Amino acid sequence: MKLRKLLIAAMTVVSAACLAAGISACSDASADYSQMGYVKVVFHLEGGRYRNSTNAVTNYYDFEEGTQNLIFPLGEFSGTQPIRENYKLDGWYQTREEVNGTVVYENAWDFSSDTVSEEGVELYAYWRPDVNYSYNVCFRDENGEVEILGTYNGKSEGEPFSDDLNYAELKAPSGYTFLGIFVDEDGNPWDETFGHPGGEEDTAVNVFPVYVKGIYAVVRTAEELQSALSSGRGVYLMNDIDMGGQALGTGAGTSVNYRSEFCGNGYTVSNFTIAYNASNLVNNPDLDEEGNLLCISLFGNLVGAAVKDVTFADYTLALDANYSRIRRIYIAPLCTTMRESTVENVTFENGEFTCLKLSAGFAEENLLVPQNNGAYFVNIDDSSTVIGLSCSYVNDMHEYFVQSE
């Protein structure tokens with residue numbers, strides 16, 4: 001009993017906080033107090049040092065009845081932490097096993113919840129190399145030079161890449177648009193299951209956002225396309241889009257001229273109506289010397305614009321223009337006029353036109369469409385280029401409309 005009192009007194013000095021929690025603990029490798037009812041906890045340093053010693057450290061706990069039997073990490077109350085040069089302590093594990101010459105640690109001890117039994121426990125320090133594992137978000141320019149846009153440091157072995165600070169978009173090179181996808185050094189799609197390989201040295205893994213030259217709205221959904229086109233922004237399609245019968249085009253917005261680039265990437269936009277505002281009348285001397293014209297098309301007038309590599313399919317136009325000020329109506333799928341613009345590999349197919357209502361006395365000859373099922377009325381200058389443009393319709397386009405002169 002005298003020894004027990006001395007031990008508890010020693011523990012009061014070393015670990016007063018333990019006693020306050022109903023637990024007593026001390027380190028003493030020269031004696032085995034487990035025979036006296038104390039719980040033995042052994043910390044194997046695994047190449048580390050504690051108080052200038054590399055030997056395992058044995059702590060004894062005296063748990064009072066009703067306590068949770070929680071233990072504390074080595075060095076919690078002594079003010080001295082285990083150390084190992086060029087390594088950092090990653091945790092304490094219950095199982096240590098050598099597999100093919102490599103030491104494997106398993107069953108990490110959670111000091112906040114794991115409890116120790118009367119038999120005690122042996123724990124093994126797991127040290128990770130004190131190195132910097134990182135991910136670089138990179139841009140490769142047209143000359144193949146790599147620029148680092150941002151770096152995520154302090155990653156763990158096996159940790160996946162995530163652009164949490166949005167470097168790819170916020171630090172996109174001037175004049176480029178981020179497409180929302182990443183690739184590896186070799187240009188392969190980024191493997192979302194990839195974990196940082198770690199290693200014994202500082203290791204940086206380069207991740208490359210995919211950019212396209214030009215300023216675009218990157219479009220994957222019907223809502224994104226509708227917003228981009230009605231506001232006159234450039235469009236970069238990433239997939240086929242079914243508009244679900246929604247109205248589409250610049251005619252529903254404030255822009256009469258489309259001055260951007262619509263890059264379809266070979267995709268199809270389908271199942272939409274051509275947007276227009278029957279009271280939005282314009283003056284366009286390239287079409288007509290007089291004003292009060294209602295011009296209906298997807299892109300209004302193309303001015304310094306480009307529309308490329310896209311199919312517009314299964315679209316409709318139901319003309320409802322009961323507005324007395326309308327003098328003439330011009331309808332063309334693509335645009336009414338173009339200037340300094342490019343149209344390449346654009347197809348309109350399965351268009352359907354109907355006339356619901358016109359103002360009283362509106363003359364039939366004032367409903368105009370392009371000749372020969374064309375997609376636009378006037379190419380104003382020689383600098384505009386039209387290659388691979390075609391149109392086809394479900395019904396006779398001239399059933400309601402008069403072919404333009």
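In helix H4 (residues 222-230), Ala222, Leu225, Ala228 and Leu229 are buried, where buried means under 20% relative accessible area, exposed over 50% and partly exposed in between, with a 1.4 Å probe and protein chains only. These four residues cover an arc of only 135 degrees around the axis, so they sit on the same side of H4; the arc is that of the directions from the helix axis to the C-beta atoms. This is a predicted model, in which local features need pLDDT of at least 70 and side-chain atom pairs count only at pLDDT 80 or more, while totals for chains, interfaces and linings use all residues. Residues are numbered from 1 along each chain as its sequence is written, and side-chain values use heavy atoms, with hydrogens and water left out.

**The chain as a whole**

- The chain has four helices and 26 strands; helices (H or I, at least four residues) and strands (E, at least two) are DSSP runs, numbered from the N terminus.
- Of its 405 residues, 43% count as buried.
- The chain exposes about 20800 Å², and carbon and sulfur atoms supply 43% of that area; accessible areas come from the Shrake-Rupley method with a 1.4 Å probe, and for residues only the protein chains shown count as cover.
- Among contacts (heavy atoms within 4.5 Å) with a separation of 6 or more, 72% are between residues 24 or more positions apart.

**Around helix H4**

- The buried residues of H4 pack against strands E11 (217-219), E12 (235-237), E13 (241-242), E14 (247-248) and E15 (257-258), and also against E16.

**Nonpolar cores**

- A nonpolar core is a set of buried Ala, Val, Leu, Ile, Met, Phe, Trp, Tyr and Cys residues joined through side-chain atoms within 4.5 Å.
- The largest nonpolar core has 47 residues, and those that touch the most other members are Leu225, Phe262, Phe299, Leu302, Phe312, Ile329 and Leu334.
- Strand E19 (residues 306-321) gives the most to this core, with seven residues.
- Leaving aside residues up to four places away in sequence, Ile329 touches Leu294, Ile296, Leu319, Ala321, Leu358, Phe362, Asn366, Leu367 and Leu368.
- A second, separate core of 18 residues includes Val41, Trp109, Phe111 and Val116.
- In soluble globular proteins, nonpolar side chains tend to be buried together.

**A buried serine**

- Ser134 is found in strand E7 (residues 133-140) and is buried, with a relative accessible area of 5%.
- Not counting residues up to four places away in sequence, Ser134 touches Thr151, Tyr152, Asn153, Lys155, His196, Thr203, Ala204 and Val205.

**Salt bridges**

- The structure holds 12 salt bridges, each defined as a side-chain nitrogen of Lys or Arg within 4 Å of a carboxyl oxygen of Asp or Glu.
- Arg128 and Asp90 meet through their side chains in one of them, at 3.1 Å from N to O.
- This pair links distant parts of the chain, 38 residues apart: Arg128 is in strand E6 (residues 121-129) and Asp90 in strand E4 (residues 87-99).
- Arg128 counts as buried at 19% relative accessibility, whereas Asp90 counts as partly exposed at 37%.
- Lys155 forms a salt bridge with Glu159, with the closest N and O atoms 3.4 Å apart.
- Lys155 is buried at 16% relative accessibility, and Glu159 is partly exposed at 26%.
- The side chains of Arg339 and Asp286 also meet in a salt bridge (3.5 Å, N to O).
- Arg339 lies in strand E21 (residues 337-339) and Asp286 in the loop between strands E16 (261-274) and E17 (293-296), so the pair ties together parts that are 53 residues apart in sequence.
- Arg339 is partly exposed at 33% relative accessibility, and Asp286 is partly exposed at 37%.

**Aromatic pairs**

- Rings of Phe, Tyr and Trp (its six-membered ring) pair if their centres lie within 6.5 Å; planes under 30 degrees apart count as stacked, over 60 as edge-to-face and the rest as tilted.
- By this rule there are 28 aromatic pairs.
- Tyr61 and Phe63 form a stacked pair, 5.4 Å centre to centre with 10 degrees between the planes.
- Tyr61 is buried at 2% relative accessible area, and Phe63 is buried at 15%.
- Phe262 and Phe312 form a tilted pair, 5.7 Å centre to centre with 55 degrees between the planes.
- Phe262 lies in strand E16 and Phe312 in strand E19, so this pair ties together parts that are 50 residues apart in sequence.
- Phe262 is buried at 0% relative accessible area, and Phe312 counts as buried at 0%.
- Ring pairs link Tyr135, Phe139, Tyr152, Phe161, Tyr167, Tyr176, Phe178, Phe182, Trp190, Phe194 and Tyr211 into a cluster.
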